[in-house]
Every structure is written in structure tokens, then in C-alpha cells.
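User: Please take a close look at the packing inside this protein. I would like one connected account of a single part, then what lies around it.

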Amino acid sequence: MMTNRLLRATIFFILVTCVSSAVAQQQAEPPLITVTGQAEVKVPPDEVVFTLAVVKVNKDLLVAKEENDRNVRSIMELARRYNIAQQDVQTDYIGVTPKYRDVRRRGALVGEEEAERVFEGYEVSKTVVIRLRDVKRFESLLSEILRAGIDRVRDIDFRTSEIRKYKDDARAMAIRAAREKALALTKEIGQTIGKAHTIREEGYSYGSSNAMANNTTMISGDFSAEETSTIAPGMITVSARVTVSFLLN
């Protein structure tokens, strides 16, 4: 009996201590103001990444591969002529797929149709990714890429090589924006802010204002690099968002 009473007393003491500690923590929470700051940095791109696809179909697998290899070698040679570093040229995807098409034939009965799968050949595809670090040569390189036998331009992405610097700049601006917002809000109620209590980074967004269409099939034409440029790379937007809690004075 004595042991049971002692156990119950111990449990009661622990519960009281936990509740008292939680209440004390709540009471000790300082007065805070929590605000969110956002900022954007717009910068011109200084590089462009081409994602190119070479696709060849032939009933002879070796012929399809040879045709594909020939066009890929043309792209590699083009990159060398533009003094693009070896590490900036990469074969990203290689695929071999048998291709069929459905052919409908008239059946034995009136109005009846029969479907037949016809083998068209083997599709050999390769994706080549090229990073051009001189945006001024973009249109000239694109024109020559089209002449080299590229079947599709899957993506053209204008980028900046200094993304880390601009992320840091955007974050610093977002923190300043949060502080200015907190100062403006507290001024209206006759208070001021003290030191930051917590700072939480919400993340970044990064994108170009000139997004090229994906999966675009290229068509034949006179792609002359001598003509006046028709490409405006636009600006890249790097944005940051932070949430800051300040002590209230």
C-alpha cells in the first residue's frame, strides 16, 4: 500500500511539473511581430542552353544508327567551331524503339474494317545538350544547328552563370523589406521593433521572361545568320521570400 501511494504521488508530481513548465513557457513567450518580405532581382542572361533531339527511323537498325551518328557528329563539330568547351556539350539521352503504325483494311463483310500493325522501322534518338556562354552568338548558332539536321529543339533556356550571387542579393533585399514592413506596422500602433527573434527562409523562384516553346519540331527554311536579330533574350527574374519575427518594444 505504501508503495502504491508513493507511486501515485510521484506521477502527480511529474504531471504538475510538466503543466507548470508548459504554462511558464507560454508566459515567457516575448511579444512578437511576424512579417514576410519578398524581393526580385532582374538580370540579363549571360548563357543559353540548347536541348536538341536527333531522331532517325529506318527498317535497318544499323542504318538508322549511322544516320543518327552522322547528324550528331555534325552538331559536335559545330560546337567545336564555336569554341564551346567539351564539358559544355553532352549527350543526354539515347534511345532505340521499334515503330509501328496501324493500317485499316476493308474486311470480308460489308462495312467491316480490320486493323493491321505495320512495322515502320527502328527509331534511334539522341538528345544533345549544348551550353553557349556567349549570348550574342545565340542566333548564329541556332541557324547553323537547324542546317545541321536537328529534328527537334526540345528546349532553349536563357540562364545566368551567377545565380548564387543573385540569390544572395534577393535574400538580402527580402530581409530588408521584412524589416521595413515591421517598422511601418509598429509605427501605426506607437511601438518599435527590437532584435529579430526568428528568421525563416521560404525559398526562391527563378525563371526567364523569354521562355521558348518545348518540343518544337523544326521546319526547313532560309535560316540566315546575316539577317537582323529577331531574338530578345529578355530578363531573368530571381525572387526570394523570408519570414521574420521581431521583438516588440
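Leaving aside neighbours within four places in sequence, I130 is in contact with V48, V49, F50, L52, I75, I84, D88 and V89. Keep in mind that this is a predicted model.

I130 belongs to the largest nonpolar core, which has 25 residues. It is one of the residues with the most contacts inside that core; the others are F50, L52, I84, F138, L141 and I156. Strand 2 (47-58), helix 2 (61-81), strand 4 (113-132), helix 3 (138-147) and strand 5 (152-159) each give two or more residues to this core. Helix 3 gives the largest share, five residues.

Now the rings. The count of aromatic pairs comes to four. F50, F138 and F158 form one aromatic cluster. F50 is also among the contacts of I130. Elsewhere, the charged end of R117 sits over the ring of Y100, 4.3 Å from the ring centre.

T186 lies in helix 4 (residues 163-188). T186 counts as buried because its relative accessibility is 0%, and the cut-off for buried is under 20%. A polar atom of the T186 side chain lies 3.2 Å from the backbone oxygen of L183. Not counting residues up to four places away in sequence, T186 touches I33, Q191, T192, I193 and L248.

Note on methods. Residues numbered from 1 in each chain as written. Predicted model: local features only at pLDDT ≥ 70, side-chain atom pairs only at ≥ 80, totals over all residues. Heavy atoms only, no water. Helix = DSSP H or I, 4+ residues; strand = E, 2+ residues; numbered from the N terminus. Buried < 20%, exposed > 50% of the residue type's maximum accessible area, 1.4 Å probe, protein only. Polar contact = N/O pair within 3.5 Å; in protein donor to acceptor, adjacent residues only side chain to side chain. Contact = heavy atoms within 4.5 Å. Core = buried A, V, L, I, M, F, W, Y, C linked by side-chain atoms within 4.5 Å. Phe/Tyr/Trp six-rings, centres within 6.5 Å; stacked < 30°, edge-to-face > 60°. Lys NZ or Arg CZ within 6 Å of the ring centre and 35° of its normal.
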